[in-house]
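Please read it alongside the sequence and the coordinates.

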Amino acid sequence: MLKLRKACSITGFVSLFLLLGFTVIRKNRLADTKPDLFLPPGFKVTVVVNALPEKARHMAVNTNGDIYVKLRFPDSIGGNVALRDTNNDGKADIIQKFGNYDDKGSYGTGMRVHKGYLYFSSEVNVYRAKLNPATLVPDGPMELIVHDANSPHEHDAKPIAFDNAGHMYVAFGAPSNACQVQNRVPGSPGIEGCPLLKEYGGIWQFDEAKTGQEQKDGIRYATGLRSVVAMDWNTSDNCLYAMAHGRDDLRLQFPKLFSRWQSAVLPAEEFLKIKQGTDAGWPYYYYDPFIKKRVLSPEYGGNGKILKNGAKYPQPLMAFPAHWAPNDLLFYTGNQFPARYKNGAFIAFHGSTNRSPYPQAGFVVCFVPFKNGMPTSKWEVFADGFAGRTTITSVSDAVYRPMGLAMGPDGSLYVSDTEKGRVWKIAFTGDKTKFGAAQLAKIELRKQLPSLKDPDPVKNNLMKGMLTGGAKIYNTYCTNCHQQNGKGDGNMFPPLSGSDWVTGGKFMEKDVAIGVMLKGVSGPIKVSGISYNSAMPPHDFLSDKEIASVLTYVRNNFGNNSSLITEAEVRAERAKLPAKKN
């Protein structure tokens with residue numbers, strides 16, 4: 001068998017083979033199999049697998065019930081895992097890793113079964129392999145369908161969807177927050193005629209069966225979409241749908257225009273119907289769910305109130321709370337669930353990272369009833385309790401974070417988790433004829449919990465009156481990525497707590513620590529053995545005293561114990577930087 005490691009040149013591409021995994025577990029020993037989710041009455045949850053060490057992203061279920069999971073942290077044995085239930089108790093008895101391909105980070109996502117093939121993606125490639133139910137793991141050639149030759153990369157999950165006419169749809173996320181001249185640098189203006197939209201910030205259509213395609217071989221199907229991780233083809237109206245991640249950091253970028261509360265609750269996560277030529281407005285506009293209009297982005301002259309030409313862009317079908325991170329979308333076509341779920345949309349929200357100083361929110365699977373291509377009512381809570389608590393200060397407080405959705409051949413719904421690698425199976429065992437509003441009422445009350453409701457600007461401020469000095473600077477500029485507890489988001493942004501960049505190696509050298517603040521860092525990098533690939537912009541807009549203060553705070557908190565950094569040391573390092581061009 002041929003291993004795929006940093007190979008995959010388009011020219012001369014023949015065929016590449018899967019490396020069969022060597023991890024086969026006959027007994028799936030579950031440390032905790034109790035139902036840990038809140039569901040509407042009549043639904044039952046089974047833990048298919050308690051924990052996959054490499055965690056999980058998207059997943060797919062074959063027609064025979066075999067489950068395939070895209071791993072969050074691929075290794076030399078494989079980037080995917082196959083699960084099989086041999087005794088029909090809902091739990092995986094065989095677990096086998098496979099697929100030795102290169103994945104530069106933990107963001108690669110796609111996993112779908114389509115026409116007898118397993119399609120899956122890394123952050124830069126989309127592959128497929130023919131399924132063979134007799135072997136569980138595909139044993140034929142692994143074909144490279146699409147290669148992303150772009151650089152840089154950010155928001156590059158590569159989710160995939162298929163229509164009924166031989167096309168595959170792939171999202172290309174933008175390596176930017178709002179197409180600024182200097183990405184994520186406070187006050188930096190947006191670039192007019194954003195050049196990123198030529199190759200990023202949209203959805204491209206490809207031939208689902210043609211090997212060796214690059215982005216230029218596809219059609220730019222939709223644009224104005226900063227980041228899409230959740231999308232699906234709705235067979236009831238033959239149309240593509242997507243959940244768009246809204247932009248971040250309104251307060252951090254423009255503190256004179258936006259409050260901390262506004263930054264926490266704006267903009268909406270958008271549920272969109274995608275047709276060829278759709279332009280959702282990014283980076284020029286964002287959707288304000290309170291006034292129900294598209295508002296001009298501050299990078300382009302907006303102040304939170306100016307609408308300008310926002311009305312020319314499509315309205316979302318539904319607006320969800322800010323920063324919830326919609327990471328999978330599934331239109332339910334099964335018959336096991338009560339009739340009201342037929343052709344409706346399930347959405348897995350991964351949970352927020354940047355609503356500080358207010359509680360983080362999301363961490364839930366929602367449902368949107370549909371008819372004739374339109375929602376028929378407001379969104380509903382379907383499965384909750386993943387986080388294990390109702391008030392979440394930092395994202396690492398969440399025990400589980402829902403990520404992937406898939407439907408089994410019997411109509412059961414599967415949900416995957418990125419933190420422990422748990423997979424749940426949700427089945428309906430009640431009386432479908434008696435299921436209605438009364439059964440939904442109790443779980444709808446969960447919308448009043450801190451993990452789901454919009455926060456009160458004053459009462460729910462978790463840090464009101466608590467912060468001064470380096471702690472205040474940290475919570476102003478650093479918590480959205482590294483979190484209040486310094487543990488990062490576990491995905492794009494690395495931890496500072498116990499990090500070898502802080503407690504040893506690079507960060508023990510003061511000049512390196514100061515340089516990171518003054519010059520920024522762009523990935524890929526490794527922190528405590530884990531790869532991250534995002535961008536930290538320069539923070540040279542902070543004064544020497546402020547940089548010294550926040551670095552000293554970081555080096556002496558979150559379990560760290562390093563020497564202080566002085567204002568004079570920062571001043572000396574700043575003097576070494578090349579003069580800025582006017």
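Two strands count as paired if DSSP finds at least two bridges between them. The model is predicted.

**Strand β14 and its partners**

- With strand β13 (residues 167-172), β14 forms an antiparallel pairing over 6 bridges.
- Within that region, M168 has F206 of β14 as its bridge partner.
- β14 also pairs with strand β16 (residues 219-223), again in the antiparallel sense, over 4 bridges.
- Here W204 stands opposite R220 in β16.

**Largest pocket**

- The largest pocket holds about 730 Å³ of space.
- Its lining consists of 30 residues, and R112, V113, D232, L330 and T333 lie nearest the centre.
- Two or more lining residues come from each of β4 (56-61), β8 (111-114), β12 (160-162), β17 (227-234), β24 (326-331) and β30 (402-407).
- By class, the lining of the largest pocket has 16 nonpolar, 9 polar and 5 charged residues.

**Second largest pocket**

- The volume of the second largest pocket is about 420 Å³.
- This pocket is lined by 18 residues, with P289, A319, F320, P321 and W379 closest to its centre.
- Strand β23 (residues 318-320) gives the largest share of this lining, 3 residues.
- The lining of the second largest pocket divides into 12 nonpolar, 1 polar and 5 charged residues.

**Salt bridges**

- Side chains of opposite charge can pair when their charged atoms come close.
- There are 24 salt bridges in the structure.
- One of them joins D75 and K97, at 2.4 Å from N to O.
- D75 sits in the loop between β5 (67-71) and β6 (80-84) and K97 in strand β7 (residues 94-98), so this pair ties together parts 22 residues apart in sequence.
- D75 counts as partly exposed because its relative accessibility is 26%, whereas K97, at 6%, counts as buried.
- D328 and R112 form another salt bridge, at 2.7 Å from N to O.
- This pair links distant parts of the chain, with D328 in strand β24 and R112 in strand β8, 216 residues apart.
- Both D328 and R112 are buried, and R112 is also among the residues nearest the centre of the largest pocket.
- E444 and K447 form a salt bridge whose closest N and O atoms are 3.0 Å apart, and both residues are buried.

Definitions and conventions. Residues are numbered from 1 along each chain as its sequence is written. This is a predicted model: local features need pLDDT of at least 70, side-chain atom pairs count only at pLDDT 80 or more; totals for chains, interfaces and linings use all residues. Side-chain values use heavy atoms; hydrogens and water are left out. On a 1 Å grid over the protein atoms alone, a cavity is a set of points where a 1.4 Å probe fits but cannot get out, and a pocket is an open set with protein on both sides within 12 Å along at least five of seven lines; lining residues have an atom within 4 Å of a point. Grid points are joined across faces, edges and corners, and a volume is the space filled by probe spheres set on the points. Ala, Val, Leu, Ile, Met, Phe, Trp, Tyr, Cys and Pro count as nonpolar, Asp, Glu, Lys and Arg as charged, and the others, Gly among them, as polar. A salt bridge is a side-chain nitrogen of Lys or Arg within 4 Å of a carboxyl oxygen of Asp or Glu. Buried means under 20% relative accessible area, exposed over 50%, partly exposed in between (1.4 Å probe, protein chains only).
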